[in-house]
Amino acid sequence: MDVKEGLWPASPSAQYYNSSVLSVSIMGVMETEVPIAINHARTMLLLKDVFLPINPRFSSIMVMDGKGEKQWKRVEVKLEEHVNVPIFPTGLSPTSYDEYLEDFISRISMEHFSQNKPLWEIHIVKYPTSNAAGTVIFKLHHALGDGYSLMGALLSCLQRADNPSLPLTFPSRQHTESKSNRESSCRRVPKLFSLIFNSVSDFGFCFLKSTLVEDDRTPIRSGIEGVEHRPIMISNMIFSLDSIKHIKAKLGVTINDVITGIIFLGTRLCMQEINYKSSKSHSTALVLLNTRTMSGAYKSIEEMLEPKSKVPWGNRFSFLHVPMPKFKDDHKSANPLEFVWAANKIIKKKKSSLGVYITSKLLDIVKKLKGPEAAAKFIHGTIWKSSLSISNLIGPLEQVSLDNHPIKGLYYVVLGIPQNLVISIVSYMGSLRVSAVIEKGFLDPQKFKSCVENAFEIILKAADEIPN
């Protein structure tokens, strides 16, 4: 991209997620181990010298050209307009500040970004809660990039708490070994037919789900328009990454399969507790798939911004429509591991099709014929007609520090999604944190949390019973 003149085209995805139909943001929350010593001059200096240089989009706004296409335009950034330090009553207990923080996050989650300044903001909460001595909240518009891009950006602002001179490390990605050329040749024709069949069926299912067929109304889906504008609550769950890996090894699946299966089982248990019949309802999850060529940890910002980078900056993801498994009978007599195996089977099948690619091309056609607003409306319909979304990111194995403030916990959530339940997952320091954005007053966050944690224990126990 050429930004010398301060103006360059916004990607199609950036236009879709910053439209009159959709306004999606990513909120990253860092919980500090020590109290936050707020130094205004120091904060402005770090933003100017460390954060803004990461990407030109952090210093740009979106403007419309004469053809109805949006472009990025460089502007002068007034940093003080992007930093907020909320004031709560003093002298309260950490549990009282928990409520103030929950209300504050719910309020800022509903606020739309001004289109007259760059699409990001930082909130520094100096009050101690039950989980942290202080909290730093980054809210960034999805038009700036997806979770992978923005996590990479935030990590470039952090250092290892134990030794800042050492690089951060991340959980390894294990790939299955490729088949031999002889085996590949023998199976080439059947695989080709399988690819064609899976691609056609996957695209057809996705198209129907995006246009005509919507999920049943259940305790996790109200089916009401405008749900993305309603107050939210966030429910956090923490699981041992070693336990997740243990289940993965026992079942011969991926970590994503395990956590997706746990979420599916926990969600069905929660639905059944509220309404028994809903546990067999037709419910679909949108599982976000990173479409970059991945080889492990995050790349440097410089590598992401290279013209032909294999891990480019931006919005490089697609939705996989994954039907949630149902209880065949009373859940007490059902095999809980079926939820993990079902997730593995469905996701593997969808990854081996070209349905995602064809859907992407369909969006391009809609954009060319009817404009980016029509494409955004198509995406909105796709999300709204399903029941929940699941996204995940990999975080560092070591504890990180933000300007000498060790971070004891971190998580992220996606805001502005037209669903009652949106789930995000991130690993950090050997733990897996699952965060659920839930419409306030629609679904009890504590009930949902309890059911997912119960599902984890059930699946872990069932996996332990499998002989080595």
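Leaving aside neighbours within four places in sequence, Trp120 is in contact (heavy atoms within 4.5 Å) with Leu47, Phe51, Leu52, Phe58, Val77, Leu79, His82, Phe113, Lys139, Leu140 and Leu144. This is a predicted model, in which local features need pLDDT of at least 70 and side-chain atom pairs count only at pLDDT 80 or more, while totals for chains, interfaces and linings use all residues. Residues are numbered from 1 along each chain as its sequence is written, and side-chain values use heavy atoms, with hydrogens and water left out.

**Nonpolar cores**
- Trp120 is, with Phe51, Phe58, Trp72 and Ile137, among the residues with the most contacts inside the largest nonpolar core, which has 76 residues; such a core is a set of buried Ala, Val, Leu, Ile, Met, Phe, Trp, Tyr and Cys residues joined through side-chain atoms within 4.5 Å, where buried means under 20% relative accessible area with a 1.4 Å probe, protein chains only.

- An open sheet of mixed pairing is formed by seven strands in the order S5-S6-S7-S2-S14-S13-S8; strands are DSSP runs of E, at least two residues, and helices are runs of H or I, at least four, numbered from the N terminus.
- Strand S6 (residues 120-125) and strand S7 (residues 134-141) pair in the antiparallel sense over six bridges, pairing being called when DSSP finds at least two bridges between two strands.
- In S7, Thr135 is the bridge partner of Val125.

Methods
Buried means under 20% relative accessible area, exposed over 50%, partly exposed in between (1.4 Å probe, protein chains only).
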